[in-house]
Amino acid sequence: MEKRTVCLFNDSFPPVIDGVANAVINYAENIEKKYGHAIVATPDVPGADDSGFAFPVLRYPSIDTRRLVGYMAGYPFSPEIAGRLSAERVELLHTHCPVSSCFLARSLRDVVDAPLVLTYHTKYDIDIAKAIRGKALQAGAIRALVQNVSACDEVWVVSRGAGENLRSLGYEGDYIVMENGVDLPRGSAESNAVLAATKDYDLPRGVPMFLFVGRLMWYKGIRIILDALRKLQEAGTDFRMVFIGDGADGAEVRQYADELGLRGRCFFTGSITEREKLRAWYTRADLFLFPSTFDTNGLVVREAAACGTATVMIRNSCASEGVTDGENGFLIEENAACLAAALQRQCAVPETIKQVGSNAQQQLYISWETAVSRACERYEIVIDNYRSGRYKKHNKPFDGFLKSQGELMEVLAGVDRIHDEAIAEIRREHLRQVGDLEERNAEMRRHIRKLEGDMHQVREEFKKTCEAFWQNTDRYL
């Protein structure tokens, strides 16, 4: 395999971190180690420090959309990056986001004369629905996204479910499944590391301990977990449950757990970024619970498998791809009753849980080294197809700017602008009301001063009248 220079694009990158940013880091590190040279192009973020990476990071101008979508939206025109990538002789462009990063990559494709690969990681329609209000705006954003995806030379998805989701949005082209890897080594953590990580929590030996790792968002199936635990508690089954992670719904999740009376058995650690500490928690758990139908790849399932811990997940979900019930995982229907029944059943046979976890470790685990090796093998085919003219010609992004990325960026900017205008209008109305109130107060003060003047005049006239009266009275006395 030849050494290649590859440019990776993504809208999120440290200090903004998520699963896709982690994937880009692992791609870059493994390409740099073994397969050639990697460059990362990503939007500028205030305070970003890229000095610790073993590969160059090119930052380009951005719009602050963190309030809407949690990351910076890059402005997809950068002559500086175009010049740098031309000088670096980039042979392949790989974008991991179908929005502004993809548009930038499209605009650079002709400049560097290299093929463009896109990896579709997550269900962007759900993210768009959360960020943008209004069906028409959402439809415009999704249409722009699909046009961006369709303009790439080759499309990869991280699972069959991710591909089906992309199809549901209107994408009609081909795609291949290219799975992500796991950056935890295969094998359990040392016992002293497990003790150090878990010592502050009441986790008695012999009592089943369940684990969830991820963002605390209701759409990840957390309500199903809590309702199932309530059923276990009512049945008299002892257990411990640990949630690792933070999220926008975190406060509600904690409150709901308290309302169900789970305090003392249910613990929330917050986010844990130390990978060895997280590995210790996976090792300590008896079962990993992941009843999510949102996730397209379920990397946490493979992280648990790396440590020999089996997962309970929803049947036919993306996370359950490659899982056989009772062999390398446990599959349930998407409800609390089924989860509670599965936990009761499996906790009665701890040896079965251990064997299924061992099977998962052997069958589900994929390292990032393996994942990137497969990707780089495919890179060779993509480059050969491109140079042989096997890919159809795509319109330049500028030809359809107002229909594709421009539409999406305008939607995002428009939503932000509407938000700002609404706030400004509220402030103006407040000032108008304050102004009206001050005007009324001023008018009232003018009336009071007039009344005070009138009263003074009346008193003076009354005084004069009284004096005249007593003067006339004196003449008669």
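The second largest pocket of this predicted model holds about 460 Å³ of space, a pocket being an open set of points on a 1 Å grid over the protein atoms alone where a 1.4 Å probe fits, with protein on both sides within 12 Å along at least five of seven lines, and its volume being the space filled by probe spheres set on the points, which are joined across faces, edges and corners. Its lining, residues with an atom within 4 Å of a point, counts 20 residues, of which Arg284, Ala285, Asp286, Ile353 and Lys354 lie nearest the centre. The largest share, 5 residues, comes from helix 14, helices being DSSP runs of H or I with at least four residues and strands runs of E with at least two, numbered from the N terminus.

Aspartate 295 sits in the loop between strand 13 (287-290) and helix 12 (299-306). With a relative accessible area of 14%, aspartate 295 is buried, which means under 20% by a 1.4 Å probe on protein chains only. Its side chain makes polar contacts (N or O atoms within 3.5 Å, one able to donate a hydrogen and the other to accept it; residues adjacent in sequence count only if both atoms are side-chain atoms) with the side chains of lysine 220 at 2.8 Å and serine 292 at 2.7 Å.

Residues are numbered from 1 along each chain as its sequence is written, and side-chain values use heavy atoms, without hydrogens and water. Local features need pLDDT of at least 70 and side-chain atom pairs 80 or more, whereas totals for chains, interfaces and linings use all residues.

Conventions
Buried < 20%, exposed > 50% of the residue type's maximum accessible area, 1.4 Å probe, protein only.
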